[in-house]
Amino acid sequence: MSTSPIVRAFFDRPTGSLHYVFHDPATMKGAVVDPVWNFDPAAAAVWTESADEMLSYIRDEGISIEWILDTHPHADHFSAAVYMAGKLGGVPRAIGEKVTGVQRLWADIYDDPDLPQDGSQWDRLFAEGDTFMVGEVPVKVMFSPGHTLASITYVAGDAAFVHDTLMYPSSGTSRADFPGGSSADLWDSIRAILDLPAETRLFVGHDYPEKGRQPNYMATVAEHRLSNIHVKDGIDRDTFIQRRDARDATLRLPDRMLHALQVNIRGGRLPGSEEGGHGYFKIPVGRFERR
Ligand SMILES: [Fe+2]
(Lines give C-alpha, C1' and ligand atoms only; values in the text may rest on other atoms or scores of the structure.)
Protein backbone atom coordinates (compact mmCIF):
# COMPACT_ATOMS: atom_id res chain seq x y z
CA MET A 1 0.00 0.00 0.00
CA SER A 2 1.73 3.13 -1.15
CA THR A 3 -0.01 5.91 0.70
CA SER A 4 -2.27 6.54 3.61
CA PRO A 5 -4.46 9.64 3.42
CA ILE A 6 -5.61 11.44 6.54
CA VAL A 7 -9.37 10.99 6.85
CA ARG A 8 -11.73 13.16 8.87
CA ALA A 9 -15.32 12.00 9.36
CA PHE A 10 -18.32 14.30 9.78
CA PHE A 11 -21.70 13.13 11.05
CA ASP A 12 -25.25 14.29 10.33
CA ARG A 13 -27.22 12.86 13.25
CA PRO A 14 -30.78 13.38 11.90
CA THR A 15 -30.05 11.08 8.95
CA GLY A 16 -27.21 9.03 10.46
CA SER A 17 -25.06 10.03 7.49
CA LEU A 18 -21.27 10.07 7.51
CA HIS A 19 -19.34 12.23 5.12
CA TYR A 20 -15.64 12.69 4.77
CA VAL A 21 -12.67 14.83 3.87
CA PHE A 22 -9.49 12.96 3.02
CA HIS A 23 -6.14 14.46 2.14
CA ASP A 24 -2.57 13.61 1.30
CA PRO A 25 -0.37 15.00 4.12
CA ALA A 26 2.61 15.32 1.77
CA THR A 27 0.92 17.73 -0.64
CA MET A 28 -2.13 18.86 1.42
CA LYS A 29 -4.34 18.06 -1.56
CA GLY A 30 -7.63 16.43 -0.74
CA ALA A 31 -11.18 15.50 -1.66
CA VAL A 32 -14.66 15.64 -0.13
CA VAL A 33 -16.84 12.52 -0.10
CA ASP A 34 -20.65 12.62 0.10
CA PRO A 35 -21.20 16.08 1.62
CA VAL A 36 -24.58 16.64 3.28
CA TRP A 37 -26.96 19.54 2.63
CA ASN A 38 -29.19 19.78 5.71
CA PHE A 39 -32.93 19.40 5.18
CA ASP A 40 -35.90 19.51 7.53
CA PRO A 41 -38.75 17.67 5.80
CA ALA A 42 -41.48 19.20 7.98
CA ALA A 43 -40.53 22.75 6.99
CA ALA A 44 -38.94 21.84 3.62
CA ALA A 45 -36.09 24.03 4.90
CA VAL A 46 -32.53 23.64 3.66
CA TRP A 47 -29.40 24.93 5.34
CA THR A 48 -25.66 24.35 5.15
CA GLU A 49 -24.44 23.75 8.69
CA SER A 50 -22.89 20.35 7.88
CA ALA A 51 -21.17 21.56 4.72
CA ASP A 52 -19.96 24.70 6.47
CA GLU A 53 -18.42 22.59 9.25
CA MET A 54 -16.49 20.74 6.55
CA LEU A 55 -15.46 24.00 4.89
CA SER A 56 -14.13 25.32 8.22
CA TYR A 57 -12.07 22.16 8.70
CA ILE A 58 -10.72 22.38 5.14
CA ARG A 59 -9.75 26.00 5.65
CA ASP A 60 -8.25 25.50 9.12
CA GLU A 61 -6.13 22.55 7.98
CA GLY A 62 -5.04 24.30 4.80
CA ILE A 63 -6.27 21.53 2.52
CA SER A 64 -6.55 22.19 -1.20
CA ILE A 65 -9.68 20.33 -2.35
CA GLU A 66 -9.48 18.86 -5.86
CA TRP A 67 -12.71 16.86 -6.07
CA ILE A 68 -16.21 16.64 -4.61
CA LEU A 69 -17.00 12.94 -4.83
CA ASP A 70 -20.43 11.36 -4.41
CA THR A 71 -20.69 7.60 -4.08
CA HIS A 72 -24.33 7.38 -5.22
CA PRO A 73 -27.59 9.37 -5.31
CA HIS A 74 -28.61 9.27 -1.66
CA ALA A 75 -32.14 8.46 -0.55
CA ASP A 76 -32.02 10.02 2.90
CA HIS A 77 -30.16 13.30 2.53
CA PHE A 78 -29.41 15.93 -0.07
CA SER A 79 -25.97 16.14 -1.63
CA ALA A 80 -24.18 19.41 -0.85
CA ALA A 81 -21.84 18.88 -3.82
CA VAL A 82 -22.99 21.94 -5.77
CA TYR A 83 -22.84 24.18 -2.72
CA MET A 84 -19.39 22.91 -1.70
CA ALA A 85 -17.99 23.22 -5.21
CA GLY A 86 -19.19 26.83 -5.33
CA LYS A 87 -17.48 27.62 -2.05
CA LEU A 88 -14.26 25.94 -3.16
CA GLY A 89 -13.73 27.80 -6.41
CA GLY A 90 -15.61 25.47 -8.69
CA VAL A 91 -13.74 22.23 -8.06
CA PRO A 92 -15.13 19.37 -10.15
CA ARG A 93 -17.96 17.16 -8.88
CA ALA A 94 -18.17 13.48 -9.72
CA ILE A 95 -20.35 10.37 -9.29
CA GLY A 96 -20.58 6.94 -10.95
CA GLU A 97 -21.52 6.75 -14.64
CA LYS A 98 -24.51 4.52 -13.97
CA VAL A 99 -26.24 7.49 -12.35
CA THR A 100 -27.88 7.90 -15.75
CA GLY A 101 -29.82 4.69 -15.03
CA VAL A 102 -30.97 6.14 -11.71
CA GLN A 103 -32.00 9.33 -13.49
CA ARG A 104 -34.09 7.33 -16.00
CA LEU A 105 -35.73 5.34 -13.25
CA TRP A 106 -36.63 8.34 -11.11
CA ALA A 107 -37.58 10.59 -14.02
CA ASP A 108 -40.26 7.99 -14.67
CA ILE A 109 -41.32 7.81 -11.00
CA TYR A 110 -41.54 11.61 -10.85
CA ASP A 111 -43.14 11.80 -14.30
CA ASP A 112 -40.46 14.30 -15.30
CA PRO A 113 -39.36 13.48 -18.86
CA ASP A 114 -37.65 16.88 -19.16
CA LEU A 115 -35.02 15.94 -16.61
CA PRO A 116 -31.66 15.56 -18.40
CA GLN A 117 -30.79 11.88 -18.01
CA ASP A 118 -27.24 11.94 -19.33
CA GLY A 119 -25.35 12.75 -16.14
CA SER A 120 -24.58 16.24 -17.44
CA GLN A 121 -25.30 17.63 -13.95
CA TRP A 122 -21.81 16.43 -12.91
CA ASP A 123 -18.36 17.33 -14.22
CA ARG A 124 -17.16 13.74 -14.36
CA LEU A 125 -18.81 10.31 -14.37
CA PHE A 126 -16.52 7.53 -13.15
CA ALA A 127 -16.52 3.97 -14.45
CA GLU A 128 -15.21 0.78 -12.89
CA GLY A 129 -11.42 0.81 -12.90
CA ASP A 130 -10.99 4.55 -13.45
CA THR A 131 -8.02 6.02 -11.59
CA PHE A 132 -6.96 9.52 -10.62
CA MET A 133 -4.57 11.14 -8.18
CA VAL A 134 -5.25 13.30 -5.12
CA GLY A 135 -1.81 14.67 -4.42
CA GLU A 136 0.35 11.55 -4.22
CA VAL A 137 -2.57 9.31 -3.24
CA PRO A 138 -3.79 7.10 -6.09
CA VAL A 139 -7.58 6.75 -6.15
CA LYS A 140 -9.25 3.83 -7.88
CA VAL A 141 -12.96 3.53 -8.63
CA MET A 142 -14.82 0.27 -8.03
CA PHE A 143 -18.35 -0.16 -9.35
CA SER A 144 -20.33 -1.33 -6.28
CA PRO A 145 -24.01 -1.74 -7.18
CA GLY A 146 -26.61 -3.25 -4.88
CA HIS A 147 -27.70 -0.50 -2.53
CA THR A 148 -28.33 1.51 -5.71
CA LEU A 149 -27.61 0.57 -9.30
CA ALA A 150 -25.08 3.40 -9.58
CA SER A 151 -23.04 3.07 -6.38
CA ILE A 152 -19.27 3.29 -6.58
CA THR A 153 -16.46 2.89 -4.05
CA TYR A 154 -13.46 5.20 -4.00
CA VAL A 155 -10.26 3.39 -2.95
CA ALA A 156 -7.79 6.11 -1.96
CA GLY A 157 -4.50 4.50 -0.99
CA ASP A 158 -5.28 2.40 2.08
CA ALA A 159 -8.67 4.09 2.65
CA ALA A 160 -11.85 3.00 0.88
CA PHE A 161 -15.08 4.97 0.94
CA VAL A 162 -17.62 2.19 0.63
CA HIS A 163 -20.65 4.22 1.62
CA ASP A 164 -23.91 2.26 1.76
CA THR A 165 -22.54 -1.19 0.99
CA LEU A 166 -21.17 -2.14 4.39
CA MET A 167 -22.05 -0.69 7.75
CA TYR A 168 -19.92 -1.07 10.87
CA PRO A 169 -19.29 -4.80 11.55
CA SER A 170 -21.80 -4.93 14.42
CA SER A 171 -24.52 -3.47 12.14
CA GLY A 172 -23.70 -5.47 9.00
CA THR A 173 -24.73 -4.03 5.65
CA SER A 174 -26.98 -1.42 4.07
CA ARG A 175 -30.39 -2.07 2.58
CA ALA A 176 -30.86 -3.05 -1.04
CA ASP A 177 -34.58 -2.48 -1.57
CA PHE A 178 -34.72 0.98 -3.11
CA PRO A 179 -35.70 1.18 -6.80
CA GLY A 180 -32.77 -0.28 -8.74
CA GLY A 181 -31.34 -2.04 -5.68
CA SER A 182 -30.36 -5.72 -5.54
CA SER A 183 -29.23 -7.83 -2.61
CA ALA A 184 -27.42 -10.21 -4.98
CA ASP A 185 -25.48 -7.32 -6.52
CA LEU A 186 -24.78 -5.97 -3.04
CA TRP A 187 -23.23 -9.28 -2.00
CA ASP A 188 -20.99 -9.33 -5.09
CA SER A 189 -19.94 -5.72 -4.51
CA ILE A 190 -19.14 -6.36 -0.86
CA ARG A 191 -17.10 -9.47 -1.61
CA ALA A 192 -15.03 -7.43 -4.09
CA ILE A 193 -14.46 -4.81 -1.38
CA LEU A 194 -13.46 -7.52 1.10
CA ASP A 195 -10.87 -8.74 -1.42
CA LEU A 196 -8.95 -5.49 -0.89
CA PRO A 197 -5.79 -5.82 1.28
CA ALA A 198 -6.63 -6.84 4.86
CA GLU A 199 -5.39 -3.60 6.40
CA THR A 200 -7.51 -1.38 4.12
CA ARG A 201 -9.59 1.06 6.18
CA LEU A 202 -13.24 0.95 5.13
CA PHE A 203 -15.23 4.12 5.81
CA VAL A 204 -18.99 3.56 5.79
CA GLY A 205 -21.85 5.91 5.01
CA HIS A 206 -24.18 5.37 7.94
CA ASP A 207 -24.44 4.68 11.61
CA TYR A 208 -27.47 5.20 13.85
CA PRO A 209 -26.09 5.65 17.37
CA GLU A 210 -28.42 6.22 20.27
CA LYS A 211 -28.19 9.65 21.89
CA GLY A 212 -24.85 10.24 23.55
CA ARG A 213 -22.87 7.66 21.58
CA GLN A 214 -20.54 8.73 18.82
CA PRO A 215 -20.95 7.01 15.44
CA ASN A 216 -18.89 3.99 14.41
CA TYR A 217 -17.62 4.46 10.91
CA MET A 218 -14.28 2.76 10.25
CA ALA A 219 -13.17 -0.85 10.39
CA THR A 220 -10.56 -2.68 8.33
CA VAL A 221 -11.19 -5.35 5.73
CA ALA A 222 -9.76 -7.87 8.22
CA GLU A 223 -12.20 -6.75 10.92
CA HIS A 224 -15.17 -7.04 8.58
CA ARG A 225 -14.10 -10.50 7.42
CA LEU A 226 -13.78 -11.58 11.04
CA SER A 227 -16.90 -10.10 12.57
CA ASN A 228 -19.33 -8.37 10.19
CA ILE A 229 -22.65 -9.87 11.22
CA HIS A 230 -23.96 -10.10 7.64
CA VAL A 231 -20.91 -10.89 5.51
CA LYS A 232 -18.07 -12.25 7.65
CA ASP A 233 -16.12 -15.15 6.20
CA GLY A 234 -18.18 -18.32 6.38
CA ILE A 235 -21.52 -16.75 5.42
CA ASP A 236 -22.54 -17.77 1.90
CA ARG A 237 -24.19 -15.75 -0.85
CA ASP A 238 -27.63 -17.35 -0.67
CA THR A 239 -27.82 -16.94 3.10
CA PHE A 240 -26.90 -13.28 2.82
CA ILE A 241 -29.45 -12.60 0.08
CA GLN A 242 -32.25 -14.31 1.98
CA ARG A 243 -31.45 -12.46 5.24
CA ARG A 244 -31.00 -9.10 3.51
CA ASP A 245 -34.29 -9.38 1.61
CA ALA A 246 -36.14 -10.50 4.75
CA ARG A 247 -34.81 -7.59 6.76
CA ASP A 248 -35.46 -5.05 3.99
CA ALA A 249 -39.09 -6.12 3.88
CA THR A 250 -39.44 -4.87 7.47
CA LEU A 251 -37.88 -1.43 6.91
CA ARG A 252 -39.85 1.75 6.36
CA LEU A 253 -38.70 3.87 3.44
CA PRO A 254 -36.60 6.86 4.54
CA ASP A 255 -38.74 9.88 5.41
CA ARG A 256 -36.72 12.03 3.04
CA MET A 257 -36.50 9.60 0.08
CA LEU A 258 -39.05 11.25 -2.22
CA HIS A 259 -37.54 14.66 -1.54
CA ALA A 260 -33.92 13.55 -1.69
CA LEU A 261 -33.93 11.72 -4.99
CA GLN A 262 -35.28 14.65 -6.97
CA VAL A 263 -32.46 16.80 -5.58
CA ASN A 264 -29.74 14.21 -5.94
CA ILE A 265 -30.52 13.14 -9.51
CA ARG A 266 -29.94 16.83 -10.31
CA GLY A 267 -26.47 16.61 -8.74
CA GLY A 268 -27.59 18.41 -5.56
CA ARG A 269 -29.95 21.11 -6.87
CA LEU A 270 -33.50 21.86 -5.85
CA PRO A 271 -36.04 21.18 -8.61
CA GLY A 272 -37.16 24.22 -10.54
CA SER A 273 -34.94 26.64 -8.65
CA GLU A 274 -32.74 27.72 -11.54
CA GLU A 275 -34.72 30.91 -12.14
CA GLY A 276 -34.39 31.99 -8.52
CA GLY A 277 -37.07 31.97 -5.86
CA HIS A 278 -38.42 28.81 -4.34
CA GLY A 279 -38.21 25.39 -5.89
CA TYR A 280 -41.10 22.99 -5.55
CA PHE A 281 -40.94 19.29 -4.77
CA LYS A 282 -43.06 16.85 -6.72
CA ILE A 283 -44.22 13.85 -4.71
CA PRO A 284 -45.79 10.86 -6.51
CA VAL A 285 -48.84 9.90 -4.46
CA GLY A 286 -49.46 6.18 -4.09
CA ARG A 287 -46.41 5.17 -6.12
CA PHE A 288 -44.95 3.24 -3.15
CA GLU A 289 -46.70 0.88 -0.78
CA ARG A 290 -47.13 1.68 2.88
CA ARG A 291 -44.63 -0.12 5.14
FE1 LIG B 1 -27.59 5.56 0.39
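**Ground rules.** I am reading a predicted model, where local features need pLDDT of at least 70, side-chain atom pairs count only at pLDDT 80 or more, and totals for chains, interfaces and linings use all residues. Residues are numbered from 1 along each chain as its sequence is written, and side-chain values use heavy atoms, with hydrogens and water left out.

**Iron site.** Next I checked what holds the iron ion. I found H72 (NE2), H147 (NE2) and D164 (OD) coordinating the iron ion at 1.9 to 2.3 Å. Donors here are N, O and S atoms within 2.8 Å of the metal (3.2 Å for Na, K and Ca), and sites may look incomplete because water is not among the atoms. Along the sequence, the donor spacing reads H-x74-H-x16-D. H72 sits in the loop between β6 (64–69) and β7, and D164 in the loop between β13 (159–163) and α4 (183–193), so this pair ties together parts 92 residues apart in sequence. Helices (H or I, at least four residues) and strands (E, at least two) are DSSP runs, numbered from the N terminus. D164 is buried too, with a relative accessible area of 4%.

**H163.** I then moved to H163, which lies in strand β13 and is buried at 3% relative accessible area. Its side chain makes polar contacts with the side chains of D34 (2.8 Å) and D164 (2.9 Å). A polar contact is a pair of N or O atoms within 3.5 Å; within protein, one must be able to donate a hydrogen and the other to accept it, and residues adjacent in sequence count only if both atoms are side-chain atoms. Leaving aside neighbours within four places in sequence, H163 is in contact (heavy atoms within 4.5 Å) with residues including H72, H74 and H206.

I traced an open sheet of three strands, in the order β5-β4-β7, with antiparallel pairing. Two strands pair if DSSP finds at least two bridges between them. The edge strands are β5 (45–47) and β7 (78–79), each pairing on one side only. Which residue of β7 is the bridge partner of W37? I found F78 there.

Notes:
Buried means under 20% relative accessible area, exposed over 50%, partly exposed in between (1.4 Å probe, protein chains only).
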